[in-house]
Amino acid sequence: MAETSTPKPAMASANNNPARERRPHEIYVQPAPIKTFPLPSFYPSNPLSFIQLAYAWIGQILSPPAAEPSIIHQGTWSVATTSVHIKDAQSMRALWEQGFYGKGNLSRSEPNWLKREEVRRGLQEGHVSEIHTVERREERIRAKWERARLEQENIRQTREREARQAEKRRAAGDADTPLKAHILAEPLAPVGPAEILALPNSAASLPGNLVNGFVKDGSSHGESSDDYSKTNGILDSSLETSDDTSSTEGPISTPVIPGLDRLKRRKSVRFSPTVASTTFDHADPPSPGHSTNPKQNESLSLVPQAGAGVLINKEHLQLMPEEALWLNFALGVLVVLDGSGTPLSTRALLNLFRQHSVFPPLTGPDDPAPLPDDDFLLHYVVYHHFRSLGWVPRAGIKFGVDWLLYNRGPVFDHAEFGLLVIPSYSDPWWQSSGKRKPQKTWQWFHSILRVLSHVMKSMVLVYVDVPPPHKFEQALESGLADALKLYKVREIMVKRWSSNRNR
Amino acid sequence: MTTVTARPPRPLPRISKIAGRYLVFDHEDASVLRREANTNGSLVGTLPQQPTQNMFLGLPIELRPEEAEALVHKNLARVVDDVAAHQAALLRSPESRTAYIQSLRRDKAAAHRVLAERAAQKAAVAAGKAGGRKKSKPKAEPAAASNAPLAPSDGDDTMFASAPPAVSSASSPRVADSPMDNFGVTLTSSRDLIPPDVDREFEVSDTPQGPLARYLQDGGYHTTPGLRFGSEYSVYPGDPLRFHAHFMANQYDWDEEIPILDIIEGGRLATAVKKAFVIAGSDPSKGEAPENVTAYSIEWAGM
């Protein structure tokens, strides 16, 4: 059915939105920036469906829909970023919502800087993924602190209980206790993190005695003991409380080490009892204590109120060359202008992207013409292949791979696969010309596999059979489509198999 | 690097090059390398009768070629072509062979003595527990056992000779019941076979060098193979038994182009396992490794 109102949702992120936030499947109805008008299917068992079919058919004949693509977006080639910039707000939304093309230059992927800014200033209620991520991270940090606190609390309680039990046993004075008390009085092996941290770092920092990392005993109060209880809060407080409960200075939890007074620990991690702030806002200065000018901060925080009405969208959408060529060549919904504002043909665009696939770009008159195995073509072939099959490939640089494959799109699910593009020179021409396949090490392989399995993705090696240059040039004369037909794509999925875990 | 000790100076640890692998067989050499040359190697030895494929392996330790080269470069060890040295030593003269057999006999005698002492101790303990009735008899045995091997028969020069009959039966009939009768010496070491001059003759000098291995060795770092972290070396600030690795290091040629994806992967993986990713290369125009090595560490910032 014709979706007559589709261009409208593209601009629906503005403030005139109804109160209810639209669901993802409503926003991202169209999988591609072109519309299709399929006729309803005819079921012989249901004669009424023929009427429906005839109605739709006649309707399309009488008032034919506009020729697709009805909207052609405009982009500008930017040499500095080797990407195509889309500056029109409607086009940005449309390209993002209809197939997840490009990336906002001020955002993680979806161009939502304006919305984020509005939410941050309290002008709009809404869900922005970047803000959500920051909140989630802060929450995780808080949870970690809470967990550490609980662990310390547990340790403290266990110690108290043990001290009380030992006290009871000693009070009972039965025959077995002396041995146990003796064992307890021995300096224990340093097992906990606090004890290990309290160990001297090297023989040089030891004044003579080997010290087991135990802090001061309550019975030998000196000036230095205050020092210790200040710097090493957790351990000391637990010892003090155990002393309080046992109310005697027994040898249970307070091992005395001779020469400890003289011990000066050079380096140790101090747990400050007062933690000013464990979480930070993005607007915070890098180090709060060293903020250069407090007045500057105030003025910064005042900006939102002052300039609330005139928030200008400073963001543009960046299309990768592969995405731009796909939109221009395969779908025909994009026109790319060069720096002077003249539109580029598909061939010119292809040449431009191929020249800029290496650094420095091969734009000079004496530079060699790129071969059919240049980076841009290889990546484009893979992109084209998977886009045609209905996947959503997006740049995978953050995981160290060439492409990430999404099933429907980044807002719906996580990427399932990480693609690595590997040229394969199976044609005899390449072998005779002495071309060798890329030499990669096992370390390279392992690191990719580990990174990908860490983020729950599968690794796919995509081998691209590269045609020899003369055939490619010949086919390119008759069109890019013919040239692309010469490439073959083979996928091999790699999974780490461990005999212990895959039983 | 080397610590001053009261002991007489040991010869340099000997690394045997066998079939392209660099192995250290002597446990003392291995401990010296570990303690004083921050080289731990990886244990690769297992028993042919009971091969294991887990990680509980024993001597020898295997060093990577560039590790061995770094040790030789710092004059902390020497690499010997073991096969050639053995052949030369065996073929040179019949005396060397007989000397080796004598040394094996000495080893065997020493082992006998130790075993006899241990058996005597056990017997003494057992006798003490039984009530001290037969105190005199067990004491007589170790003396007999320890005296006997000192006079081996000269005519027997097979390497795997069973215990000479003179050892047990001649002195006392009771010793024949002891376990040392079935005690054969396995050839554990051919150290005494190769005289020092032959050993020196077959020292290897063309070990492939790795600038980064030299650099890390020079800096006092321990390294282990870093394959499971996707790098060439896992770098430890001290003994791997004491520390976690702090770095994952990769070596590149000076003019080699490093793909940005490799740096991202390495940095990402290293940070995920709480390490830093190190890339290093040596500038050939600035003299020799390790002085000309430049290394950078990379961490994933997650801004």
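Predicted model: local features only at pLDDT ≥ 70, side-chain atom pairs only at ≥ 80, totals over all residues.
The crossing of α15(A) past α9(B) is left-handed. On the chain A side, the contact is made by W444(A), S447(A), I448(A), R450(A), V451(A) and H454(A). Chain B contributes D262(B), E265(B), G266(B), R268(B), L269(B) and A272(B) from α9(B). Sorted by class, the contact comprises 5 nonpolar, 3 polar and 4 charged residues.

Turning to the active site, the unreviewed UniProt entry places this feature at Y236(B), H244(B) and K275(B). These residues are spread over 40 residues of sequence, yet they cluster in space, with a largest C-alpha distance of 10.2 Å.

Two of these positions can be described further. Y236(B) sits in strand β7 of chain B, residues 233-236. Y236(B) counts as buried because 21 other C-beta atoms lie within 10 Å, where 20 or more are needed. Beyond its neighbours within four places in sequence, Y236(B) is in contact with Y221(B), H222(B), F243(B), A245(B) and H246(B). H244(B), by contrast, is found in the loop between β7 and β8 (247-251) of chain B. With 11 other C-beta atoms within 10 Å, H244(B) is exposed, since the limit for that class is 12 or fewer.

Technical notes
Residues numbered from 1 in each chain as written. Chains lettered and ligands numbered in written order. Left-handed = near helix turned anticlockwise from the far one by under 90°. Helix = DSSP H or I, 4+ residues; strand = E, 2+ residues; numbered from the N terminus. Contact = placed C-beta atoms within 7 Å. Nonpolar A, V, L, I, M, F, W, Y, C, P; charged D, E, K, R; others polar. UniProt positions renumbered as here; feature names shortened; annotations may be inferred.
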